[in-house]
Amino acid sequence: MPATTATAQDFVPYATAAIDFHRALNIPTGPLVASRSELDALHEHLVALHGLLDAHTQRTSPLLPGEGDHLKAARIRLWQAADHLHAAYHAAPRPGTGEVPSPDACRARLPEGAPELTICRRHQETAQLVRRRTTSADLHSPFTGLVRR
């Protein structure tokens, strides 16, 4: 039997399949509020995916600018999605009490204490990378930038 070596491409399909499997098993049909733990896990996944795309973007852009532009655009969109998940987390009902924070509390980003701040720490660490790699205009534009052909 020939020995095989694992490459990065071997693992990404398994991660995708795991997400599909999780959705099929754990998300029932019908109306149900996403829990904070689910939003935290999704945020962690998007941040990891952002890191993967960032690595590809940094390696590809100098060699193939056109492909790099598309990867940069995807990386920006992933960050925007992670930012929205972070905001959704703070707007979700608190465990135990079921209390929904007021819009003012969410805007004020009031600390909620550990372990809830794990998502905030991860978000802030990734935000530092985002600030180094993108401009404020890139992050707030409905168009993610020049795409060469």
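The following legends describe close-up views of a predicted model.

Residues are numbered from 1 along each chain as its sequence is written, and side-chain values use heavy atoms, without hydrogens or water. In this predicted model, local features need pLDDT of at least 70 and side-chain atom pairs count only at pLDDT 80 or more, whereas totals for chains, interfaces and linings use all residues.

**View 1. Packing of helix α2 (residues 36-60) against helix α5 (residues 118-133).** The axes of α2 and α5 lie 11 Å apart, at an angle of about 25°. The two helices are therefore roughly parallel (an angle under 35 degrees). The crossing of α2 past α5 is left-handed.

**View 2. Residues in the contact of α2 with α5.** Helix α2 contributes L39, D40, H43, E44, V47, H50, D54 and Q58, and α5 contributes I119, R122, H123, T126, L129, V130 and R133; contact means heavy atoms within 4.5 Å. Five of these residues are nonpolar, five polar and five charged (Ala, Val, Leu, Ile, Met, Phe, Trp, Tyr, Cys and Pro count as nonpolar, Asp, Glu, Lys and Arg as charged, and the others as polar).

**View 3. The second largest cavity and its lining.** This cavity holds about 30 Å³ of space. Its lining consists of H50, R75, I76, W79, V130, R133 and T134 (a cavity is a set of points on a 1 Å grid where a 1.4 Å probe fits but cannot get out, and lining residues have an atom within 4 Å of a point). Helices α3 (65-91) and α5 each give two or more residues to the lining, and α3 supplies the largest share, three residues. The lining comprises three nonpolar, two polar and two charged residues.

Technical notes
Axes fitted to C-alpha atoms, helices over the stretch in contact; angles between N-to-C directions. Helix = DSSP H or I, 4+ residues; strand = E, 2+ residues; numbered from the N terminus. Parallel < 35°, antiparallel > 145°, perpendicular 65-115°, else oblique. Left-handed = near helix turned anticlockwise from the far one by under 90°. 1 Å grid on protein atoms, 1.4 Å probe; cavity = no way out; pocket = protein on both sides within 12 Å on 5 of 7 lines; lining within 4 Å. Points joined across faces, edges and corners; volume = space filled by probe spheres on them.
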